Amino acid sequence: MTDIQRCEILPGHLVEWTVHPMAIEAAAALPEDSRPPSYVQESHVQTARSVRDGGLFVPTWLGTAFDIPGPINLDVLEEALRLWTLRHETMRSGFRAVDGQMQRFTLEADSLVLHREDAGNFPDAEVLTQYLQDRFDVAADALSWPNFIYTAVVRDDSTSVYLAFDHSNVDAYSIYRIPTEIHELYAAGLEGRTENAVPVASYVDFSAAERTKADEIDANHPIVDRWREFVANCDGKLPNFPLDLGLDPEGPLPTQKFLHEMLVNDADAAAFEKHCRPYGGSLVGVLAATALIVRELTGQEVYRTVAPFHTRVKSELSESVGWYVGGAPLEIPVSEATDFDTALDSVRTELRKNRPMSRVPVARILQLLGTDFRPTSPDLYSIVSFADGRGVAGSERWQELKAYGLIRVSYGDQVCVWISRVHEGLQFACRYPDTDAAYKSMRLYVERLRDVMITAGN
């Protein structure tokens, strides 16, 4: 995971694909799709609207970048992009505001047509990078449809593909899978064969089913009671990262900075994983290390966080594109932790107890609590996320193909940390408020995290 400034953009000739104006016109006339938005989609769009109404435009897109070696056949690439879009129903589905409510519409597959535009030659990589970011901000906007765009930077010996999507369509795992899917479709097109891909499950269907189930619980449900207790323990809020961030409670929403580096190499990552495996693996290790670091730097004896977990609970969802993420409240006691293993055991116990809670959308919980924590902030809470990308098809070629997941860094008062296991080791990515205090805190956190990992693996 990185931002667009760090994904090795080179000069070239830019081509763009968006949904054809005729398809957009057809979508505007569509009747309502009775399948409602997921709770996370609804919360995301409502927050974007609230922040926009407050006078601030906060881009929230995610993206992916990868290279296709050799001369490119743009017609074949266009067809590969079209077929990929058809494969994932959420890309054809958007929302319109009707009487203050979000109403879904979904374009029929036969009506989806891409429109190619020649954006010209960009001999300067810095100018091209800024153009792409600005273009993605507008084309992948949470409050419009379509809210995605495909681009290609063409050169004689290779083409770099950059795709951007509003977060309502995708999560990190979705964008991890895209490079290989597009490569496979493109290779099939060049060879004149049909890619016999198994149909994938629809995030639109999942959203309706998840919402129906979530609506069955009420304010007296045990999960709601646990969240109520957790929020009370966090002084009536959802937790931010518990180090000094230098925030002004009365100030405007701060801009953010991005921190990105390798934590440890493959050998050290494997040793850390081996040490943590009896307790549940590297995720447990990352949370245990964070809890100990927080105690060391702040004196806090309980590390409170909302941990993100995927909600792809059925195998047929594994290849589906969508925002399959829920959150579980964790309270990790470290007051009596004498060593790393003691902290690992505490995290394992807390995860076993609370991870199933992530299947109930946080937005539904807050609705039942009668509380909205983010009318002006794009992030509901701080996260420390761990994902192992090595099992994703084609991940062994990510470095060769310059494949990246892209994060838009703009505004926010929360800290979002993504720790990714890749074939080369453990990678750290983070966006944080742009203050001197936050920078010093995050640098210290990274250094301590690296120390704990290396020590545990030795």
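**Close-up views of a predicted model**

**View 1. The side chains of Thr106 and Ser93 are joined by a polar contact of 2.9 Å.** A polar contact is a pair of N or O atoms within 3.5 Å; within protein, one must be able to donate a hydrogen and the other to accept it, and residues adjacent in sequence count only if both atoms are side-chain atoms. The model is predicted: local features need pLDDT of at least 70 and side-chain atom pairs count only at pLDDT 80 or more, while totals for chains, interfaces and linings use all residues. Residues are numbered from 1 along each chain as its sequence is written, and side-chain values use heavy atoms, with hydrogens and water left out. A polar contact of 2.6 Å also joins the side chains of Thr106 and Asp33. Thr106 is part of strand β4 (residues 101-106); helices (H or I, at least four residues) and strands (E, at least two) are DSSP runs, numbered from the N terminus. With a relative accessible area of 13%, Thr106 is buried. Buried means under 20% relative accessible area, exposed over 50%, and partly exposed in between (1.4 Å probe, protein chains only). Leaving aside neighbours within four places in sequence, Thr106 is in contact (heavy atoms within 4.5 Å) with Leu30, Asp33, Arg35, Glu89, Arg92 and Ser93.

**View 2. In the largest nonpolar core, of 64 residues, Leu77, Trp84, Tyr150, Phe165 and Trp227 touch the most other members.** Helix α5 (residues 172-190) supplies the largest share of this core, 6 residues. A nonpolar core is a set of buried Ala, Val, Leu, Ile, Met, Phe, Trp, Tyr and Cys residues joined through side-chain atoms within 4.5 Å. Not counting residues up to four places away in sequence, Phe165 touches Trp61, Leu62, Trp84, Met91, Ala140, Asn147, Phe148, Tyr150, Val170 and Ile178. Another core lies apart from the one that holds Phe165; this other core has 49 residues, among them Leu351, Val415, Tyr432 and Met453.

**View 3. Trp84, Phe148, Tyr150 and Phe165 form one aromatic cluster.** Rings of Phe, Tyr and Trp (its six-membered ring) pair if their centres lie within 6.5 Å; planes under 30 degrees apart count as stacked, over 60 as edge-to-face and the rest as tilted. By this rule there are 15 aromatic pairs. One of them is the tilted pair of Phe122 and Tyr131, with 5.1 Å from centre to centre and 45 degrees between the planes. Phe122 is buried, at 11% relative accessible area, whereas Tyr131 is partly exposed, at 30%.

**View 4. Tyr203 and Tyr324 form an edge-to-face pair, because their ring centres are 4.9 Å apart and their planes stand at 70 degrees.** Tyr203 is in helix α6 (residues 203-214) and Tyr324 in the loop between β9 (302-310) and β10 (325-333), so the pair ties together parts that are 121 residues apart in sequence. Both residues, Tyr203 and Tyr324, are buried.

**View 5. Arg211 lies over the face of Tyr39, at 3.9 Å from the ring centre.** A charge sits over a ring if NZ of Lys or CZ of Arg is within 6 Å of the ring centre and within 35 degrees of the ring normal.

**View 6. Helix α8 (residues 266-276) has Ala269, Phe272, Glu273 and Cys276 as its buried residues.** These buried residues fall within an arc of 100 degrees when α8 is seen down its axis, so they line one face of the helix. The arc is that of the directions from the helix axis to the C-beta atoms. On the face turned away from the buried side, α8 carries the exposed residues Ala267 and Lys274. The N-terminal end of α8 is capped by Asn265, with a side-chain oxygen 3.2 Å from the backbone nitrogen of Ala267.

**View 7. Ser385 lies in strand β11 (residues 383-388).** Its relative accessibility is 13%, so Ser385 counts as buried. Apart from residues up to four places away in sequence, Ser385 touches Pro308, Val417, Trp418 and Ile419. Between the C-alpha atoms of Ser385 and Glu400, which are 15 residues apart along the chain, the separation is 25 Å.

**View 8. The peptide bond from Trp145 to Pro146 is cis, with omega near 0 degrees.** Pro146 is in the loop between α4 (125-139) and β6 (148-154).

**View 9. Asp99, although not a glycine, has a positive phi of about 55 degrees.** Asp99 is in the loop between β3 (93-98) and β4, and Asp99 is exposed, with a relative accessible area of 77%. Asp235, also a residue other than glycine, has a positive phi near 60 degrees. The loop between α7 (222-233) and β8 (256-265) holds Asp235, which counts as exposed at 67% relative accessibility.
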